[in-house]
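User: I'd like to learn how to read a structure like this one, feature by feature. Can you walk me through it?

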Amino acid sequence: MTYATQDDLIDRVGERLLIDLTDREEQQSLTIDADAVAQALGHADAEINGYLADRYVLPLSEVPPTIVDLACVLAIWRLHTYEPTSKIKADYDEVQRKLREIARGMFRLPIDGVEPANTGTSGAQFTDRERPFTETSMKSFI
């Protein structure tokens, strides 16, 4: 299961753009190439998972709308074989910023997170080194 679907992409950018991005055959069929869309969505999922892996349990049990949006932008970016428009570039840059914020914990998703490693202790522990200067070792100096 991918975070976004072909229908999500159509809702975001329209069917016409998706046809333009995926129908790459010399004799165009004027239809969306579902394989190209699936491959782009798979790459988007992998990139998102790379950022989420340390903070969230993967695969996500529920996909928040934020992740669907991020996956759509990444897939559209990936489908461009030529220079994307400035809007698509700006969206891509925003997604990269948002993914870095999620990875750093500055933006939290409303889903189950990864439990932090537990050391089995309930507080701070200090280990002090052996003291070289004791009353016995300093006897001749005092």
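User: Let's start with charged pairs. How close do the N and O atoms of K89 and D93 come in their salt bridge?

Analyst: A salt bridge here is a side-chain nitrogen of Lys or Arg within 4 Å of a carboxyl oxygen of Asp or Glu. K89 and D93 form one, with their closest N and O atoms 2.9 Å apart. Because the two sit four residues apart in helix α5, about one helical turn separates them. Before we go on: this is a predicted model, where local features need pLDDT of at least 70 and side-chain atom pairs count only at pLDDT 80 or more, while totals for chains, interfaces and linings use all residues. Residues are numbered from 1 along each chain as its sequence is written, and side-chain values use heavy atoms, with hydrogens and water left out.

User: How many salt bridges does the whole structure have?

Analyst: A search of the whole structure turns up six.

User: What about the overall fold: how many helices and strands are there?

Analyst: Helices (H or I, at least four residues) and strands (E, at least two) are DSSP runs, numbered from the N terminus. The protein chain has five helices and zero strands, so by that definition the order reads α-α-α-α-α from the N terminus on.

User: And how do I read packing? Take V68: what does it touch beyond its sequence neighbours?

Analyst: A contact means heavy atoms within 4.5 Å. Leaving out residues up to four places away in sequence, V68 touches Y3, A4, D8 and V63. V68 sits in helix α4 (residues 65-79) and is buried, at 17% relative accessible area. For the chain as a whole, buried residues make up 30% of the 142 residues. Of the contacts with a separation of 6 or more, 70% are between residues 24 or more positions apart.

User: Last one, the surface. Which residues form the negative patch?

Analyst: Patches here use residues with over 30% relative accessible area and no salt bridge; like charges are joined within 9 Å, and nonpolar side chains (Val, Leu, Ile, Met, Phe, Trp, Tyr) within 5 Å. Asp and Glu count as negative, Lys and Arg as positive, and His and the chain ends are not counted. Each charge is placed at NZ of Lys, CZ of Arg, CG of Asp or CD of Glu. The negative patch is made up of E25, E26, D33 and D35. D33 is in the loop between α2 (15-22) and α3 (34-52) and counts as partly exposed at 30% relative accessibility.

Key:
Accessible areas come from the Shrake-Rupley method with a 1.4 Å probe; for residues, only the protein chains shown count as cover. Buried means under 20% relative accessible area, exposed over 50%, partly exposed in between (1.4 Å probe, protein chains only).
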